[in-house]
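Hello,

Here is the structure I promised to pass on. Have a look at it first, and then read my notes below.

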Amino acid sequence: SVDFAKTELTVVSLNNKVLILLINIGDLLVGVHLLNIVVMDTLVYGDSYCSKRLTWLSSAHCIGVRVISTIGYELSLAAMTTVSLVRLMGIRNGFRVGDDVTRKSVVKITVISVLIVLFSVAIAVVPLIPQLEDLFVNGMTYKPTVKLFIGAPGKETHFD
């Protein structure tokens with residue numbers, strides 16, 4: 001039998017635990033986003049969503065929920081990618097069990113985790129910066145045959 005109280009934490013297991021925690025946090029944020037959408041769809045708008053969609057889509061609440069969603073997705077994706085890279089390094093190193101946790105290894109996983117979080121937040125927030133928004137929407141076109149913008153402000157509004 002294994003006595004879990006006496007098992008020592010290795011660098012590999014610490015990395016896995018921290019990265020899996022980041023994946024869980026990302027999934028929780030996506031769940032918060034989905035719960036918000038369900039509440040807004042069923043309790044707030046209900047059958048009147050279509051007539052009020054522009055109000056909802058341009059609201060600060062909707063933008064905030066989309067930022068939370070993007071952070072969640074990117075956090076999970078970046079952490080999963082990092083877990084894969086850590087495991088690939090394990091293959092390269094011949095499946096060595098791993099060293100004991102040191103101050104250096106804790107600082108290393110902390111820096112990696114902070115970079116993952118900053119990367120995720122940057123991807124969600126940078127498109128909202130007014131000076132940079134043209135970098136993210138400059139491919140938008142308005143074909144007269146597409147009726148997507150019926151009831152929406154004219155395209156001139158988007159270019160002000």
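A word on terms before the details: contact here means heavy atoms within 4.5 Å. Please also keep in mind that this is a predicted model.

Leaving out residues up to four places away in sequence, Leu 22 touches Leu 75, Ala 79, Ser 113, Ile 116 and Val 117. Several of these names come back in the largest nonpolar core, which has 11 residues in all: Leu 14, Leu 19, Leu 22, Ile 23, Leu 75, Ala 78, Ala 79, Val 83, Val 86, Ile 109 and Ile 116. Two or more residues of this core come from each of H1, helix H3 (60-92) and H4. The most, 5 residues, are given by H3.

Next, Met 40, which sits in helix H1 (residues 11-45). Met 40 counts as buried because its relative accessible area is 12%, and the cut-off for buried is under 20%. Setting aside neighbours within four places in sequence, Met 40 makes contact with Tyr 45, Gly 46, Trp 56 and His 61. Cys 62 is 22 residues from Met 40 along the chain, and their C-alpha atoms are 9.5 Å apart.

Finally, the surface. A nonpolar patch there is formed by Val 107, Val 111, Val 114, Leu 115 and Leu 118, with about 440 Å² of accessible area together. One of them, Val 107, belongs to helix H4 (residues 103-125). Val 107 is partly exposed, as its relative accessible area is 44%.

Definitions and conventions:
Residues are numbered from 1 along each chain as its sequence is written. This is a predicted model: local features need pLDDT of at least 70, side-chain atom pairs count only at pLDDT 80 or more; totals for chains, interfaces and linings use all residues. Side-chain values use heavy atoms; hydrogens and water are left out. Helices (H or I, at least four residues) and strands (E, at least two) are DSSP runs, numbered from the N terminus. Buried means under 20% relative accessible area, exposed over 50%, partly exposed in between (1.4 Å probe, protein chains only). Patches are made of residues with over 30% relative accessible area and no salt bridge: like charges are joined within 9 Å, nonpolar side chains (Val, Leu, Ile, Met, Phe, Trp, Tyr) within 5 Å. Accessible areas come from the Shrake-Rupley method with a 1.4 Å probe; for residues, only the protein chains shown count as cover. A salt bridge is a side-chain nitrogen of Lys or Arg within 4 Å of a carboxyl oxygen of Asp or Glu. A nonpolar core is a set of buried Ala, Val, Leu, Ile, Met, Phe, Trp, Tyr and Cys residues joined through side-chain atoms within 4.5 Å.
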